[in-house]
Amino acid sequence: MLEQIKVLKYYFYYKYCLSLGGRKALMRRQAWRMRRHLRYVAKYSEIYRGKRRLRDYPIVDKEFMMSHFQELNTVGIGKEEAEEFAIRAERERNFVPKLRGVTVGLSSGTSGRRGIFLVSDEERIRWAGYILAKFLPGWILGKYSIGFFMRADSNLYQSIGSKRIAFHFFDIYQDMEKHRKRLEEICPDILVGQPSVLLEIAKDIEKGRLRIRPKVVISIAEVLEREDEKRLKRIFGLKIIHQVYQCTEGFLASTCSCGTLHLNEDIVHIEKERLDKNRFIPIVTDFERRTQPIIRYRLNDILVEKRGRCRCNSPCAALERIEGREDDIFLFEGKDGREKKVFPDFIRRCMLFAGNGADGESYWEDYENAACDYRVVQEENGEITVYGDLTERGKEQVREELNKLAEDQGFVVPQVVFERYGYEIGKKMKRVERKRRLCL
């Protein structure tokens, strides 16, 4: 009961108090909370002892965090102990136990390096209040059913549950056939899952195999492509498909009532490593995470700023989109002999333009799934594999669009091969992916 009261307290705090004032007021509050947070970390984190100013902290990455796991966290939990505990929970599919009162979890390792996260009860309750403030479609004392599709359950997510808010975990490693009946039984008001899972659910709804009408649909864990978003809006009958940009390193961004993705600058500080005028790599400081301090953590995600202010009048900075990972920038041989980088969004546009003819004709074998089910992978040797159920004319169009892009960007098009598309249960979907760094 005490936990639920605390969740309610944080709900009101994040829902109403932090929205007061404009951008300057937000930055003042952020600066004050940052100073308080850094004082705590300097006292209790061994590796950061004595560091009081943000510029005194090094820019770090996952390798640094994992290499200095015990001396960085403030509760004295060792890496091997935490990893063993988390792996056992994954194998047994039992995510309720805590390690010395601390929730321990594993990141999915999308970047190829799996991480371990630690969250205290107080941080878990704060997170629950924040999530509810951001996404609950009505009054918090109403009744809601939440269907949550994830790789692993956690005490973190179960914090949301109460007598009025029923939380239902769906294991994405299980076949969708097993989930249909339960989904209809709980009839979720809020449906949460990665885009690949949401698209599978949407297909079932469209084909009449599933009858649910959630009020809110939230996309997590994967990049939500524009064409996928349009399709989900149409099938679910919603004006907005919400997005949560969250990773092991914090809850970084969320969608407002106007459908714009905003950085959660009321709980995180973001430094920007510029790639060009609009694109940047975020360097994150989460000033609410004390158990496992996240300070000046460099992600390898590419974010694109939105110009102008959102109609919702949020003081938090707006994003145009999450473009993908820095690791997935395609690397080609330039016509001048130098390496040429091409951002993932340019590859997506090629697929969008190639899948639809100027006369409105679709070049996808399954018209209903046009521009939805595809992947473009740059292989280790630099060649490109396009996974998609395209007609022969569609394949020609893909080559034409890549040639246009090459002419515009000044690179040499490598060999392009085509394969059938297949959805892999439990695996994160990446529409655009580079296998590893290409050495030219």
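How are helix 11 and helix 12 oriented to each other, and which word describes them: parallel, perpendicular or oblique? Helix 11 (residues 344–354) and helix 12 pack with their axes 8 Å apart and at an angle of about 140 degrees. Axes here are lines fitted to C-alpha atoms, for helices over the stretch in contact, and the angle runs from 0 to 180 degrees between N-to-C directions. Helix 11 and helix 12 are therefore oblique to each other; angles under 35 degrees count as roughly parallel, over 145 as roughly antiparallel, 65 to 115 as roughly perpendicular and the rest as oblique. Helix 11 passes helix 12 in a right-handed crossing, meaning that the near helix is turned clockwise from the far one by less than a right angle.

The model is predicted, with local features needing pLDDT of at least 70 and side-chain atom pairs pLDDT 80 or more, while totals for chains, interfaces and linings use all residues. Residues are numbered from 1 along each chain as its sequence is written, and side-chain values use heavy atoms, without hydrogens and water. Helices (H or I, at least four residues) and strands (E, at least two) are DSSP runs, numbered from the N terminus.

A search of the whole structure finds 13 aromatic pairs. Rings of Phe, Tyr and Trp (its six-membered ring) pair if their centres lie within 6.5 Å; planes under 30 degrees apart are stacked, over 60 edge-to-face and the rest tilted. Tyr-14 and Tyr-130 make an edge-to-face pair, 4.8 Å centre to centre with 80 degrees between the planes. Tyr-14 is in helix 1 (residues 2–16) and Tyr-130 in helix 6 (residues 121–135), so the pair ties together parts 116 residues apart in sequence. Both Tyr-14 and Tyr-130 are buried (under 20% relative accessible area, with exposed over 50% and partly exposed in between; 1.4 Å probe, protein chains only). Tyr-14 and Tyr-130 also belong to one aromatic cluster with Tyr-10, Tyr-13 and Phe-251.

Helix 6 itself is largely enclosed by the rest of the structure, because 12 of its 15 residues are buried. Among them are Trp-127, Tyr-130 and Phe-135.

A stacked pair is formed by Phe-332 and Phe-411, since their ring centres are 4.1 Å apart and their planes at 10 degrees. Phe-332 lies in strand 15 (residues 330–333) and Phe-411 in the loop between helix 12 (392–409) and strand 19 (416–419), so this pair ties together parts 79 residues apart in sequence. Phe-332 is buried at a relative accessible area of 3%, and Phe-411 is buried at 2%.
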